[in-house]
Amino acid sequence: MRTRRRMIIAGLATAACVLGTTAVVLASGSGAEREPAGTPVAATTPGATGADPGDPAGTAGLGAAPRSPAPGSATAAARPADAVAKDGPASTSYLRDRYRVSADEAARRLALQELSAPLAEELATRFPDQYAGMWLDQAGGGVLTIAATDPAPLRAAVAGLPDAAHVKVVPVRHSLRQLAAGATRLAAALDATAGSDVVVDVQANEVAVLTGDVVATDDRRLADALGAAGVPAQARTRLPAGTVQKACDPRYCARAPMRGGIRLDVPRDDDTVGGCTSGFNLRARSGAYYVLTAGHCVVGGRHQEQDRTWHQFLGPKVPVGVESTSPVLAENAYPNDYAVIPYQPGAVDRWAYPRRATTDPVNLVNYWCVPDNPNCTDEEGSRDVPITGYVAASAVQVGWIVCATGSAYTPKAGETYVDSGAGAGYVPGTRCGEVFGRGSGGIDVRICARPGDSGGPLFVESTGKALGILSTGDPGQGACTNPNERNYYAPVATILDRVNARTGLGFQLPTRGPLLGPIAP
């Protein structure tokens, strides 16, 4: 290892996306999606995939009879609820357990969730001066709540939706476009980034400046900037007190291909070993593949030397990646908490798909069943989930049901593992929960996680859409017993915008790979 000075850039960059706009491309959520990928997608366009032949509109099973849309109605379509539920069994189980609803009701809610993202895009485009955001109110009956400065035209537009009985429009003062403009003004006044350091809270219909890092709590500019925002605005701390980073050791899975959710061990400068979890495969414009994990895995006080990552460091010590120093591809400043790690020399041969692959080389997340995930008793069991794209950060909505995979572990007596600090009784694998907010500048979820899960993937089970990687959260050890545990994920879209703005290397989240050799044109 060579010693060098650590460069940490705390997030002073031009905003790569503007809050309140849904600059997204709708794409098929089926496994047939192919390159080029990496374009953010708000949700799947249903099409015929999974549709009942007798329901060509794909509206059956949403809790209301299909109807012909009135003139001016929203045109977003939906897959049948049973098809969505089949693709999201653990998400269905989460809704049934959390809200004590039937399987049919859980399926209806997931179908409405899938519909919500393309609907949000359409409403933002058609009603820019009225539309003010939306969220799913799971506690209130699985109702999609749409905020609008003038509810009448939006009520007319959504009246023909297949599940219109569970869609309501509520009045607010400011449109999403106005809030986004206010966020942009605030960010510029404070040398911060809109979408990360200054965020729109659609439920409160206001803008929030997140203090404590990029913007200091006692910043003298803060009061004047809030007053000049032109919309309701407040300052609040980014994360609750007492959160801890989830950095340490994953477990075993030394077979190709590299997936999200695999243990990465990181030897530190003081001869201890920490680690994290792989998030997603990334690909640069050059065709080279990289592994995405959390930045605090390789950026910090005990990481002044160049870090290498390994799988099963205590044996068989399989090489994975090496921290990039030229250019620097890591930051540790949530939500810019990322490390884009190139493979060590020769390691890609170990982790890439074989040259004569008999299966389609898709980008995967390792879905590993755990006892406290009710889907573990389901017939599908542990499996690989194909990643079909990612969701724009501004399109992720409160109330969505999402899943996360981690690989933290504390060894039992006699086991030869690096102890991540997860605590006895915690089993690494996949759990599902709910997005409860966006107030951290990232994605705030209720899903159990432990030290060692950092960098692990957050995704939508039914569509295979990537959302983010784990950064920080509530403290906790041992078995998952708190259903309200909070954890915070850095959005994939934010990370890609940030690292591409800094390096110009054209990183994408591909739907294929990692591969040996470049993709054929």
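Q: Where is the place of Gly478?
A: Gly478 is in the loop between E23 and E24. Helices (H or I, at least four residues) and strands (E, at least two) are DSSP runs, numbered from the N terminus.

Q: What kind of model is this, and how are residues numbered?
A: This is a predicted model: local features need pLDDT of at least 70, side-chain atom pairs count only at pLDDT 80 or more, and totals for chains, interfaces and linings use all residues. Residues are numbered from 1 along each chain as its sequence is written, and side-chain values use heavy atoms, with hydrogens and water left out.

Q: Back to Gly478. Buried or exposed?
A: Gly478 has a relative accessible area of 6%, so it is buried. Buried means under 20% relative accessible area, exposed over 50%, and partly exposed in between (1.4 Å probe, protein chains only).

Q: Which residues is Gly478 in contact with, leaving aside its neighbours within four places in sequence?
A: Ala422, Gly423, Ala424, Gly425, Tyr426 and Arg450. Contact means heavy atoms within 4.5 Å.

Q: And how many Å apart are Gly478 and Gly421 in space?
A: The two are 8.9 Å apart, C-alpha to C-alpha. In sequence, 57 residues separate Gly478 from Gly421.

Q: Let's zoom out. How many helices and strands are in the chain?
A: The chain has eight helices and 24 strands. Of its 521 residues, 59% are buried.

Q: What share of the contacts is between residues 24 or more positions apart?
A: Such pairs account for 70% of the contacts with a separation of 6 or more.

Q: New topic. How many disulfides are there?
A: The count comes to three, taking a disulfide as a pair of cysteine sulfur atoms within 2.5 Å. A disulfide is a covalent bond between the sulfur atoms of two cysteines.

Q: Which cysteine does Cys276 form a disulfide with?
A: Cys297, with the sulfur atoms 1.7 Å apart. The pair links distant parts of the chain, 21 residues apart. Cys276 is in strand E9 (residues 273-277), and Cys297 is in the loop between strand E11 (289-293) and strand E12 (308-311). Both Cys276 and Cys297 are buried.

Q: Why is the disulfide of Cys276 and Cys297 left-handed?
A: Because the torsion about its S-S bond is about -95 degrees.

Q: What about Cys403 and Cys432?
A: Cys403 and Cys432 form a disulfide with sulfur atoms 2.1 Å apart. With 95 degrees about the S-S bond, the link of Cys403 and Cys432 is right-handed. Cys403 sits in strand E19 (residues 401-406) and Cys432 in strand E20 (residues 429-437), 29 residues apart. Cys403 is buried at 0% relative accessibility, and Cys432 is buried at 12%.

Q: And which cysteine is joined to Cys448?
A: A disulfide joins Cys448 to Cys480, S to S 1.9 Å. The torsion about the S-S bond of Cys448 and Cys480 is about -75 degrees, so the disulfide is left-handed.

Q: Is Cys480 buried or partly exposed?
A: Cys480 counts as partly exposed, at 22% relative accessibility. Cys448 counts as buried, at 12%.

Q: What is the pairing, numbering the bonded cysteines in sequence order?
A: The pairing is 1-2, 3-4, 5-6.
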